[in-house]
Amino acid sequence: MRPGRPLGFLIGLVLLAALGGALSSPPAARSQAADVLLNVLATGAKKLNIVIPHFTVVGGADPQGLGRSLSQVTARDLTFSSLFSVVSDVPPIAAGDPAALRAAFANFAAAGAHAGLQGVLTLRGDRAEIEMRLHDLTSPEFRLIGAKKIELPAAQTRRLAHKVADEVVLQFTGEAGVADTKVAYVTSGSGSKELGMMDYDGASAARVTSNNSINISPVWSPDTRSLAFTSYMRGYPYLYRMFPFENRPVQVLAGFLGINTSPAFSPDGRAVALTLSRDGNPEVYLLNLASGAFRRLTTYSGIDTEPSWSPTGREIAFVSERAGGAHIFVMDAEGANVRRLTQAGFNTQPRWSPKGDTIGFTSRQGNFDLWGIGPDGSNLRRLTAGPGNNEGASWAPNGRHLVFQSNRLAGGYQLFTMLADGTEQQPLTRAPGESTSASWSPRLP
Amino acid sequence: MAHRRGSALLVAPVLVLSLFLAGCPKRPATTAASAPPPTGAPAPSTAAPSTSGTPGPAMTPSPAAPGTGAPSATPPRPSEFRETDNLKDVFFDFDRYDIRASDARVLDTNAAWLKTNNSLVLIEGHCDERGTNEYNLALGERRAKATMNYLVGQGVQANRITIISYGKERPTCTEHSEACWAKNRRAHFLVKAR
């Protein structure tokens, strides 16, 4: 919302179908103090109005204007969550001054704000700390319903804003938000396909490989410490693992003759499902990371590839042409009980939602578009209908958002995000070259 | 039967040659060796590109498991192969990897030339830009393999042939049209003297 229009958030409250799911979390998991505000959300099916003044800076100078810029990062995070209607760009509230806080929030409360967020930012050299204080503006005295201190190295100050946003979402839904996450992807801006990494909102983009070969298919390990990917850095397509936050060498995960592709970490992080053609044609295998042993899961004389784990780790979705054309199948994690999910079209890129209820995939019926289907084959639905091709979806860890690639704009493929029902599609990258093959990380520690 | 190139080198034990003759029945996985535990000491499991001149991943040789056969030699790097006018590309239909009748004649000519010398040959499998990187890598692999199998069927020794899939990563034609896509769905040949 724009500055100078503090009442504007009363207008344009949007019905939010997805909210029902978000609020159906077990009551025990959420802050009981937030019940009043939750009722606003649950009964009205509207966004919750929250006012976020600039964060108050104490304990050090703020030449970069972090109090203002970080509050805006949090505001954008909460807007992106689709759960909140946010008013920001409001002057900071003096720290430790209840009267000033009441005075600052009173007008917003009268105008319909449900919640107010105060952030107190302490900057001291190489560390930065924020104390977030969340107030219920529908209650007398603007009751404090949540408070938390978060500290990070000064170089990661932007993450403080993301963590505050995730804590606010936790207070109201029982599950943390997804702002403190990264997106790994493939960028061709340098002329070759290299891996890149950025904040989930597109900030802080940086290349993490620079070997001038072909690097594709990055996927995050569940602990967010490493990325598995296929690279031609040694000439042939081998599977590697790198540690983008650590000064640690790249490891070879699989270097067999043929292809070593399409990695997918098991939810417990102990195994990687992948595609090898060492036995003569592309089959899905399981690599035990502790022992280094490979176990073959599929047996078909044509293509089997693109494994994707169910969040329980008990099943794996994959692509096979065993039924003619490319279709999505599901098997158990030992390779047995194969069943077919899709019936029509040319279907690839199964991506199992972290909530387990949906397998997203890419279907070619003319152009390429994103679809969803239940693991039992029910609830087949289309998520995108152009423009251009829409492919390569990756789920946010809460299962509410997807990042995907589209060539809907001139200049080739870039990354976009949308809600799980296909609404609220918006661009994420506008980088030189093409940006593709996104992998949305789990929440950072 | 499987043809293995080279002797029992322990250079890159994780590499297992999968050069089968056309029509050979599938064999069980030859688990000659395994990847290093990724959580182990980083030094022995590095693949830093500058640290090794070996063609394959620089991995600590682990002992070949008894009874599983010796690890194979690594193939030459793709960059060691050279373009040649003597071997013509063959092309494929969308999402297919069977050799078309007209292309079989091209391959017959390629096979005849290969039998006049003993050079090594690298068969690249390529796809058009449509579809996913991962599926196209599998499809390119199948195209290269089908091409290799045809040549082997014409009497070219399997142990002279290495295949590599580039999926859709290396198109020769970059327009977004069927004419262009048809040029990209191909098997391409390079050679290396030995």
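Me: A residue is buried if 20 or more other C-beta atoms lie within 10 Å of its own, exposed if 12 or fewer, and partly exposed in between, with C-beta atoms placed from the backbone. What does that make Ser262(A), buried or exposed?

Reply: This is a predicted model, in which local features need pLDDT of at least 70, side-chain atom pairs count only at pLDDT 80 or more, and totals for chains, interfaces and linings use all residues. Residues are numbered from 1 along each chain as its sequence is written, while chains are lettered from A and ligands numbered from 1 in the order in which they are written. Ser262(A) has 31 other C-beta atoms within 10 Å, and is therefore buried. Its phi is near 60°, a positive value in a residue other than glycine. Ser262(A) belongs to strand β14 of chain A; helices (H or I, at least four residues) and strands (E, at least two) are DSSP runs, numbered from the N terminus.

Me: What makes Ser204(A) buried or exposed?

Reply: Ser204(A) has 12 other C-beta atoms within 10 Å, so it counts as exposed. Ser204(A) also has a positive phi, about 60°, although it is not a glycine. Its place is the loop between β8 (194-199) and β9 (206-207) of chain A.

Me: How do you know whether Ala113(A) counts as buried or exposed?

Reply: Its C-beta neighbours inside 10 Å number 25, so Ala113(A) counts as buried. Ala113(A) sits in the loop between α4 (98-110) and β4 (115-124) of chain A. Leaving out residues up to four places away in sequence, Ala113(A) touches Asn49(A), Ile50(A), Val51(A), Val87(A), Phe108(A) and Leu137(A); a contact requires C-beta atoms, placed from the backbone, within 7 Å. Val51(A) is 62 residues from Ala113(A) along the chain, with 6.7 Å between their C-alpha atoms.

Me: What covers strand β15 of chain A, and how many of its residues are buried?

Reply: Six of the six residues of β15(A) (271-276) are buried, and the strand is mostly covered. In a regular strand the side chains alternate between the two faces of the sheet. Here Ala271(A), Ala273(A) and Thr275(A) point one way, and Val272(A), Leu274(A) and Leu276(A) the other way.

Me: Why are β14(A) and β15(A) said to pair, and over how many bridges?

Reply: Two strands pair if DSSP finds at least two bridges between them. β14(A) (260-265) and β15(A) have four, in the antiparallel sense, and therefore meet the rule. Asn260(A) stands opposite Leu276(A) in this pair. The hairpin has five residues between the strands, with Gly269(A) at a positive phi near 75°. On to the next strand: β15(A) and β16(A) (283-288) run antiparallel and are joined by six bridges. Ala271(A) faces Asn288(A) there. These two strands form a hairpin with six residues between them, and Gly280(A) in the turn has a positive phi of about 115°.

Me: What makes up the largest nonpolar core, and which residues have the most contacts inside it?

Reply: A nonpolar core is a set of buried Ala, Val, Leu, Ile, Met, Phe, Trp, Tyr and Cys residues joined through C-beta atoms within 7 Å. The largest has 149 residues, and those with the most contacts inside it are Ile50(A), Leu121(A), Val272(A), Ala273(A), Leu287(A) and Ile123(B). Helix α2 (residues 133-153) of chain B gives the most to this core, 10 residues. Apart from neighbours within four places in sequence, the contacts of Ile123(B) are Ala144(B), Thr147(B), Met148(B), Ile161(B), Ile163(B), Ala187(B) and Phe189(B).

Me: What makes the bond from Gly386(A) to Pro387(A) cis or trans?

Reply: Its omega is near -5°, and the peptide bond is cis. Pro387(A) is in the loop between β25 (381-382) and β26 (390-395) of chain A.

Me: Where does pLDDT stay under 50 in chain A?

Reply: Residues 1-33 of chain A stay under 50; pLDDT is the predictor's confidence in each residue, from 0 to 100. The model has 54 contacts beyond four places in sequence for that stretch. Where pLDDT is low, the predicted coordinates should not be read in detail. Chain A averages 90, and 90% of its residues score at least 70.

Me: How many residues does chain A have, and what share of them is buried?

Reply: Chain A has 445 residues, of which 54% are buried. Its secondary structure comprises five helices and 30 strands.

Notes
Contact = placed C-beta atoms within 7 Å.
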